[in-house]
Each structure stands twice: as C-alpha cells, then as structure tokens.
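Here's a quick briefing for anyone meeting this structure for the first time. Take a look at the model, then read on.

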Amino acid sequence: LLLGAAIDSLLKLDALLHLLDRPGGVQSAEEIAGRLRRPTYQVSAALDELAQAGLIDRFALGTGRHVVYGSAEDEHVRQLIGLLQSRYRDPETRGRIARAVIQRGPGD
C-alpha cells in the first residue's frame, strides 16, 4: 500500500530514503535536488506530495519563503519507511521495489 499510494515514482522513493538517512536533519529542495541530480522543481513537487501523505515533515522558516524537509517524526511512519529502507539495501529486493514503483506510478 505504501508503494502504491504515496510512493508512486522513483524520485519520491529516492527523496524519502535520502531524508531517512538524515534523522533530525532538514534540507531544502535545492539541496536534495543536487544530491539526487534532478531538477529542483521536480524534487520540490515530489517532496510536497510526500509531506501531504505524512511520510516526511515540511517546515516553513521565517516568513514561509524558505522551506525545508526532514524525515517524519511520527514513529510509526519512521518504522514503516525504515522497513522499506532495509529491504531496499538488498540488490534483488531493490529491483523488485523499483519495478513496483514504476508499474504503479507515472514512471519518472
């Protein structure tokens, strides 16, 4: 369900796992885009969708013009994503997860 409903692209999967590797830390869409080597507008849209799904946290700083993202503070969500992350580290399982995302999502 997690893959089919909220993580419907490889970009979202990569962004989610990237943030999970940085517990307690926050990054801007620009920083994450640089790390993932993707256009900022694509990463920003993916992050906003992940935040709306409750899989990551979104923080507006100052007057709201500067936005940063971090891994979800909800322990249940972190456990689910941690399970996904542990499975993603195995090359064979990673291939199955990636194929599932591509088949169910827009395929970006």
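Let's start with strand S3, which is mostly covered: five of its six residues are buried. Buried here means under 20% relative accessible area, exposed means over 50%, and partly exposed is in between (1.4 Å probe, protein chains only). Helices (H or I, at least four residues) and strands (E, at least two) are DSSP runs, numbered from the N terminus.

A word on the ground rules. This is a predicted model, where local features need pLDDT of at least 70 and side-chain atom pairs count only at pLDDT 80 or more, while totals for chains, interfaces and linings use all residues. Residues are numbered from 1 along each chain as its sequence is written, and side-chain values use heavy atoms, with hydrogens and water left out.

**Strands and their partners**

- Two strands count as paired if DSSP finds at least two bridges between them.
- S3 (66–71) pairs with strand S1 (residues 26–28) in the antiparallel sense, over three bridges.
- S2 and S3 form a hairpin with four residues between the strands, and in it Gly62 takes a positive phi near 60 degrees.

**The nonpolar core**

- A nonpolar core is a set of buried Ala, Val, Leu, Ile, Met, Phe, Trp, Tyr and Cys residues joined through side-chain atoms within 4.5 Å.
- The largest one has 27 residues, and Ile7, Leu13, Leu47 and Ile56 have the most contacts inside it.
- At least two residues of this core come from each of H2, helix H3 (29–36), H4, strand S3, helix H5 (75–88) and helix H6 (91–104).
- H2 gives the most, with seven residues.

**Salt bridges**

- A salt bridge is a side-chain nitrogen of Lys or Arg within 4 Å of a carboxyl oxygen of Asp or Glu, and the count by this rule comes to two.
- One of them joins the side chains of Lys12 and Glu49, at 2.4 Å from N to O. This pair links distant parts of the chain, with Lys12 in helix H2 (residues 10–20) and Glu49 in helix H4 (residues 40–52), 37 residues apart.
- Are the two partners buried or exposed? Lys12 is buried, at a relative accessible area of 5%, whereas Glu49 counts as partly exposed at 40%.
- Arg58 and Asp48 also meet through their side chains, at 3.1 Å from N to O.
- Arg58 is partly exposed at 44%, and Asp48 is partly exposed at 25%.

**A patch on the surface**

- Val26, Phe59 and Leu61 make a nonpolar surface patch of about 230 Å².
- Patches are made of residues with over 30% relative accessible area and no salt bridge: like charges are joined within 9 Å, nonpolar side chains (Val, Leu, Ile, Met, Phe, Trp, Tyr) within 5 Å.
- Phe59, in strand S2, is partly exposed with a relative accessible area of 30%.

- Most residues other than glycine have a negative phi.
- Arg37 is not glycine, yet its phi is positive, near 60 degrees.
- Arg37 lies in the loop between H3 and H4 and is exposed, with a relative accessible area of 77%.

How values were computed. Accessible areas come from the Shrake-Rupley method with a 1.4 Å probe; for residues, only the protein chains shown count as cover.
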